[in-house]
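This report walks through a multi-chain model, from strand pairing to domains, core and chain contacts. Please keep the sequence and the structure in view while reading.

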Amino acid sequence: MTSSASLDLKLYGVLIAVAVLVPLFAPNYIQTVAVMWLMILMAMTWDITGGQMGYNSLGNVVFFGIGMYASAIVQISQFSDVADYTASFGAIVVDFTPGQYFTGLGLGLAAGGIAAAIFALLIGPAMLGLRGPYFAIGTLGLAIAVAELVSGWEYVGGGGGISMPVYPGPPAAGPFTFYILLGLLTLAAHLFVRWLYSTQFGLAINAIRDDEDKAEAMGIHTNRYKTIAWAVAAFFMGVGGAIFGNMSGFIEPLEVAFPTTTFGIFMVAMALLGGKGTLWGPVLGAVLFHIVKQVTWTYLLGWQWVALGAIIIINIVYFQQGILGWAQDKWPEAFGLTVDRGGAARPAAGEAAE
Amino acid sequence: MTGETANVIEVRGVSKSYGGVQANTDISIDVPDGMITGLIGPNGSGKTTLFNSIVGYHPIDSGSIRFQGKEISKLRVPDIARLGMLRTFQQTRIYSKMNCMDNMQISVSHRDTSPFAIFALRDRGEIVEEAERLLEFVGLYEKRFLISGDLSFGQQKLLEFAMALMNRPKVLLLDEPTAGINPTLINGLIDRLKRANEELGVTLFVIEHNMRVIMNLAGKISCLAHGELLATGTPDELQNDPRVVDAYLGAH
Amino acid sequence: MIDNLLLLTQVPILGVDLVIQGLFIGAIFALVAYGLALVWGVMNVKNLAQGDMVILGGYISYQATLWGYHPIVALPVAIVVMFMLGWLIYAVIIRRVVDRDMFTSLLATFGLSLLIQQILNLIYGPEVKVADAGFGDFELGTFIVIQNVRLYSLLMAAALALAIVIFMKKSRMGQAIRATAQDARAARVLGIDTDQVYAFTYALNAAICGAAGVLVAMIWVIQPYYGIVYSIRAFIIVTAAGLGNLPGVILTGFGLGVWENVAGFVFGAEFAVAAVVLMLVAVLMYRLVQLYRVRQVVR
């Protein structure tokens with residue numbers, strides 16, 4: 001425990017150092033690193049249900065979009081009727097005082113997180129009854145359905161999208177603010193998740209992952225914990241979506257708010273790359289994935305998406321245990337695991353009970 | 001609610017069929033409080049079906065099942081488990097990617113706890129002590145930090161038993177506790193089952209194929225054959241009951 | 001929406017038209033779903049790239065028109081090319097995920113789906129394309145106009161389905177596939193090369209998708225990102241009908257086609273995709289309720 005706690009401290013130190021050094025020495029990279037914070041957040045919150053609980057969602061991006069739209073509605077309704085605003089196609093522009101803007105932003109972020117969490121609490125009991133591939137396909141369908149419904153919802157601008165309120169102040173200050181907000185959110189989420197895994201709740205969702213029927217037979221409130229775990233992920237994704245919407249300045253359903261085939265799959269690939277079901281694996285995976293993504297963007301003009309698709313397949317097919325999973329197999333003692341070297345190694349009994 | 005010689009489980013006239021196959025027909029069995037009760041019968045006689053009916057895996061077609069006087073035949077598995085009635089599985093089930101201590105810690109009782117109790121930190125003193133004591137009891141203390149999926153089958157069975165005890169159940173339903181266990185270890189297991197019953201006060205209801213084991217263990221035994229209750233009595237009575245002997249020898 | 005419903009009650013023949021057109025599309029959905037059920041049942045792989053293979057087949061016929069051929073010429077070509085491509089995909093990717101947990105195969109095929117989308121996007125661009133067959137149409141009464149191409153497509157889909165069924169019943173490979181679906185281990189013991197069977201099954205499915213894609217490109221439009229909706233349609237049909245239930249797949253396919261057509265008319269075209277995907281969620285929930293009946297029935 002203590003050794004891993006000090007390791008955690010060092011890793012937090014590294015991340016905070018990066019967060020401080022980038023704006024000082026590489027201000028051009030602020031946007032890129034801000035997106036990296038978001039990617040870490042996505043991989044980490046996906047892993048709450050995916051890695052720790054065994055419920056592999058392909059549609060967690062739905063919470064991202066709901067948070068984004070909830071914040072848009074709240075922030076715009078501060079100064080205008082939302083329907084009038086969207087109908088005007090950007091003709092209504094308001095110059096905010098910073099006070100007005102930040103009040104709206106604060107309310108918007110809160111609304112984003114709460115709306116996403118409430119959505120998870122409402123649909124969780126039904127969706128989380130689905131098991132295995134049915135859950136994955138069901139959540140994917142859900143994300144696509146919500147994206148399509150929002151596309152047809154004229155009140156929020158339909159497929160045409162909405163412009164978000166403009167950041168008051170010098171142009172460089174906006175990205176910096178959202179960089180800070182995303183960094184703080186990701187740090188807060190990681191600390192929260194780290195605490196969560198150290199409670200009985202963490203054991204309960206691990207038990208659900210290993211054998212849900214057994215957990216039920218032992219009287220664990222499986223439905224309750226599954227829904228809470230998903231709602232926690234949803235809350236952080238919702239706030240993340242709200243910040244990202246403001247950072248983008250313009251939101252629309254298919255590409256920005258509910259990008260099922262980009263962020264939606266990236267978060268899964270990142271968690272798998274780093275090692276799912278571990279505290280730092282998703283973080284590591286997100287950082288590496290983001291670097292690879294940026295490099296391919298720069299050097300493979302046009303073919304970057306193809307390269308990324310190929311990388312995802314290779315990751316899943318050939319290297320599914322992830323970096324930390326692989327390291328854990330190789331040096332178990334370093335991860336605080338005890339291995340019975342002399343004991344009869346036999347395949348885990350749980351694997352037969354699919 | 002319960003008298004001195006109360007029955008903790010009362011099964012009355014339970015029938016259950018699966019798609020045309022009558023697995024249980026009009027079965028009535030009492031499990032007295034604080035005792036070890038056995039359930040025997042040839043393969044396919046409906047023992048596991050009856051267990052599943054009692055602990056809530058499927059609806060029964062007719063009849064009634066009472067636990068401590070409360071009708072439970074319409075409750076579902078987790079609700080019944082939280083009332084204090086647990087079962088172990090014929091195909092042993094544990095949380096195979098977690099170590100033994102974690103397996104034990106998450107097996108604490110989930111009844112009477114506030115919804116927020118789950119957010120208490122793990123590795124708390126009293127729970128750890130209890131887990132270590134019970135692992136010691138089943139002889140797995142040395143292996144407590146191993147990933148449970150790496151244990152041998154027999155050790156996994158013992159772990160599952162210890163996990164059930166961790167839950168402090170009123171009644172424990174054991175589905176063939178000695179199946180697949182090395183014969184030299186069976187006596188030790190019988191001893192532990194008896195001690196759990198005597199020292200921890202857990203009522204046991206045991207399905208068992210091994211006649212020697214069940215005769216040694218149970219104070220009262222019921223025998224099923226072809227989904228019907230054939231006989232109930234003390235081990236001696238059953239051993240001398242020609243119907244039971246016939247059922248086992250296949251003369252039926 | 002209310003207006004559209006009123007219109008339906010005032011002009012009931014319009015409803016008949018919607019249903020008939022729905023049946024025509026449903027036939028193609030059923031074909032794609034049959035391929036999915038085949039791969040799912042035989043090798044337990046849930047192929048999320050199903051729809052993208054359909055779209056890929058569509059682009060083969062589009063390419064034929066670019067070269068000046070009639071798109072129908074592309075049908076045998078698409079079948080052969082997609083069969084080979086399916087075999088290749090199996091050898092490179094699917095073989096390595098067959099025995100893994102189901103999420104792996106789901107995710108790997110999702111990655112494959114992205115790959116196909118992006119390659120098509122690079123080659124053909126994101127605009128919608130059509131492979132015009134120029135077959136004309138005929139009138140059934142005064143209101144119902146049926147494009148001949150739809151009628152031919154229905155006939156071709158039926159012929160393909162029939163050919164596959166006969167193949168599965170009569171040929172040695174078909175029997176080997178069915179044996180593997182029932183019990184892969186037993187099939188292996190009996191000397192069936194299950195790896196070969198898996199490869200053939202996946203390739204056959206790709207060929208089915210390719211053929212369906214040619215029909216799709218002639219009837220509607222294709223676009224690199226349209227694939228996922230075809231995958232979802234196939235999942236709806238298979239989940240609702242169950243594996244190894246060919247009549248069920250065909251009936252559900254028709255039902256889904258009709259639902260999509262009617263829902264698209266009543267709710268407006270912008271909600272047509274939402275109507276399909278919500279149907280997926282509804283089917284999954286229905287399945288869940290069926291499972292959940294356990295112990296909750298109050299008699």
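In chain B, strand 1 (residues 7–18) and strand 4 (residues 62–67) run antiparallel and are joined by 5 bridges. Helices (H or I, at least four residues) and strands (E, at least two) are DSSP runs, numbered from the N terminus. Two strands pair if DSSP finds at least two bridges between them. The model is predicted: local features need pLDDT of at least 70, side-chain atom pairs count only at pLDDT 80 or more, and totals for chains, interfaces and linings use all residues. Residues are numbered from 1 along each chain as its sequence is written, while chains are lettered from A and ligands numbered from 1 in the order in which they are written.

**The sheet of chain B**

The open sheet of chain B has 4 strands in the order 2-1-4-5, with antiparallel pairing. Its edges are strand 2 (21–32) and strand 5 (70–71), each of which pairs on one side only. Strand 4 also pairs with strand 5 of chain B, in the antiparallel sense, over 2 bridges. The hairpin of these two strands has 2 residues between them, and Gln68(B) takes a positive phi near 50° there.

| Residue | Stands opposite | Strand of the opposite residue |
|---|---|---|
| Ser15(B) | Ser62(B) | strand 4 of chain B |
| Ile9(B) | Phe67(B) | strand 4 of chain B |
| Phe67(B) | Lys70(B) | strand 5 of chain B |

**Domains of chain B**

Chain B is divided into domain 1 (1–84 + 169–252) and domain 2 (96–167). These bounds come from an automatic or database domain assignment. The domain centres, taken over C-alpha atoms, are separated by 25 Å. In chain B, 14 residues of domain 1 are in contact with 10 residues of domain 2; contact requires C-beta atoms, placed from the backbone, within 7 Å. Helix 2 and helix 6 (183–199) of chain B each supply at least two residues of the domain 1 side. Helix 6 of chain B has the largest share of that side, 3 residues.

Val128(B) is found in helix 4 (residues 125–138) of chain B. Is Val128(B) buried, exposed or partly exposed? Val128(B) counts as partly exposed because it has 15 C-beta neighbours inside 10 Å. The classes are buried with 20 or more other C-beta atoms within 10 Å, exposed with 12 or fewer, and partly exposed in between; C-beta atoms are placed from the backbone. Val128(B) and Pro59(B) are 69 residues apart in sequence and 37 Å apart in space, C-alpha to C-alpha.

**The nonpolar core**

A nonpolar core is a set of buried Ala, Val, Leu, Ile, Met, Phe, Trp, Tyr and Cys residues joined through C-beta atoms within 7 Å. The largest one holds 287 residues, and Ala234(A), Ala162(B), Val32(C), Ala33(C) and Ile237(C) touch the most other members. Helix 9 (residues 194–219) of chain C gives the largest share, 19 residues. Both domain 1 and domain 2 of chain B provide at least three residues each. Leaving aside residues up to four places away in sequence, Ala162(B) touches Met104(B), Leu134(B), Leu135(B), Phe137(B), Val138(B) and Leu140(B).

**Chain C**

Chain C has 12 helices and 2 strands. From the N terminus on, its elements run α-α-α-α-α-β-β-α-α-α-α-α-α-α. Along its principal axes the C-alpha trace spans about 65 × 65 × 35 Å. Buried residues make up 49% of chain C. Of its contacts with a separation of 6 or more, 76% join residues 24 or more positions apart.

Helix 10 (residues 227–241) of chain C is mostly covered, with 14 of its 15 residues buried. Just after this helix, Gly242(C) takes a positive phi of about 90°.

**Contact of chain C with chain A**

Helix 5 (102–124), helix 10 and helix 12 (272–292) of chain C each give two or more residues to the side that touches chain A. Helix 5 of chain C has the largest share of that side, 14 residues.

Technical notes:
Two residues are in contact if their C-beta atoms, placed from the backbone, lie within 7 Å.
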